[in-house]
Amino acid sequence: MNEGWNGAMDDGTNRLGWMLDDALRMPETRYAILLSADGLLMAHSERIGRDDAERQAAGMAGLQSLARSTAEFCGDAGTTWRQTVNEFDDGYVFLVAAGPGAYLAVSATQHVDMETVSFRLQELVQRLGKELTSPPRPVTDRTGTDSTDRSSRGRSGADRPA
């Protein structure tokens, strides 16, 4: 697979997956993916396999593009798209803007508290934005040489998974 935006995901890592898993601690949520505007998978929650996540990322990019093209119907063709919610017999799909060229999608059952999910997704978008734009931190190794710690990029102790 191609490397995602800002290196968020490559062949061997899913370094932002823990943040998506954290978002799924809400009752009645199922899966979460982070994707680029061109439909490339950037990260996925543990509950969804990578192949399924890649397929959904491509579909979500198309869905977002369609939603954005209807902005004029909302009053102004130049208005900014923020969120799309699709309802199905078995639940909902929430698709939200997660920064320049990135989108977050979460699926949930029909019993989910939609207001809580929307609020939590906005919180997650704020966290993801910081994570995706944080430069690598310099770390001094035992010899005193500075190196870059890519495994903990942008994570504070409070943000790390338990």
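Because the model is predicted, local features need a pLDDT of at least 70 and side-chain atom pairs count only at pLDDT 80 or more, while totals for chains, interfaces and linings use all residues. Residues are numbered from 1 along each chain as its sequence is written, and side-chain values use heavy atoms, with hydrogens and water left out.

The secondary structure of the chain comes to three helices and seven strands, where helices (H or I, at least four residues) and strands (E, at least two) are DSSP runs numbered from the N terminus. Read from the N terminus on, the elements follow the order α-β-β-α-β-β-β-α-β-β. The chain has 162 residues, and buried residues make up 40% of them; here buried means under 20% relative accessible area, exposed means over 50%, and partly exposed means in between, with a 1.4 Å probe and protein chains only. A contact means heavy atoms within 4.5 Å, and of the contacts in the chain with a separation of 6 or more, 48% are between residues 24 or more positions apart.

Helix 2 can be taken next. It covers residues 50-69, 20 residues in number, and reaches 29 Å from its first C-alpha to its last, close to the 28 Å expected at 1.5 Å a residue; the expected span is 1.5 Å times one less than the number of residues. Which residues of helix 2 are buried? They are Ala53, Ala57, Met60, Ala61, Gln64 and Ala67. These residues cover an arc of only 135° around the axis, which puts them on the same side of helix 2, the arc being that of the directions from the helix axis to the C-beta atoms. An α-helix has 3.6 residues a turn, so residues three or four places apart point the same way. On the other side of helix 2, Asp51, Arg55, Leu66 and Ser69 are exposed. What covers the buried residues of helix 2 includes strand 1 (29-36), strand 2 (41-44), strand 3 (83-88), strand 4 (91-97) and strand 5 (102-109).

Helix 2 also takes part in the lining of the largest pocket, to which it gives the largest share, four residues. Rolling a probe the size of a water molecule over the atoms shows where empty space is left. On a 1 Å grid over the protein atoms alone, a pocket is an open set of points where a 1.4 Å probe fits, with protein on both sides within 12 Å along at least five of seven lines, and lining residues have an atom within 4 Å of a point. The largest pocket holds about 210 Å³ of space, a volume being the space filled by probe spheres set on the grid points, which are joined across faces, edges and corners. Its lining consists of 13 residues, of which Tyr31, Ile48, Gln56, Met60 and Ser107 lie nearest the centre. Strand 1, helix 2 and strand 5 each supply at least two residues of this lining. By kind, the lining divides into eight nonpolar, two polar and three charged residues, where Ala, Val, Leu, Ile, Met, Phe, Trp, Tyr, Cys and Pro count as nonpolar, Asp, Glu, Lys and Arg as charged, and the others, Gly among them, as polar.

Another part of the structure involves helix 3 (residues 114-133), in which Leu128 lies. Is Leu128 buried or exposed? At 0% relative accessibility, Leu128 counts as buried, and, not counting residues up to four places away in sequence, Leu128 touches Leu16, Met19, Leu20, Leu34 and Leu104. Leu104 has its place in strand 5 and is likewise buried, at 0% relative accessibility. Leaving aside neighbours within four places in sequence, the contacts of Leu104 include Leu20, Leu34, Phe94, Leu121, Val125 and Leu128. Val125, found in helix 3, is buried at 11% relative accessibility and touches Val96, Ala97, Ala98 and Leu104 beyond four places in sequence.

Two further residues lie elsewhere in the chain. Arg15, in the segment before helix 1 (17-23), is buried, with a relative accessible area of 16%. Glu28, in the loop between helix 1 and strand 1, is partly exposed at 35% and has a positive phi of about 75° although it is not a glycine. Most residues other than glycine have a negative phi.
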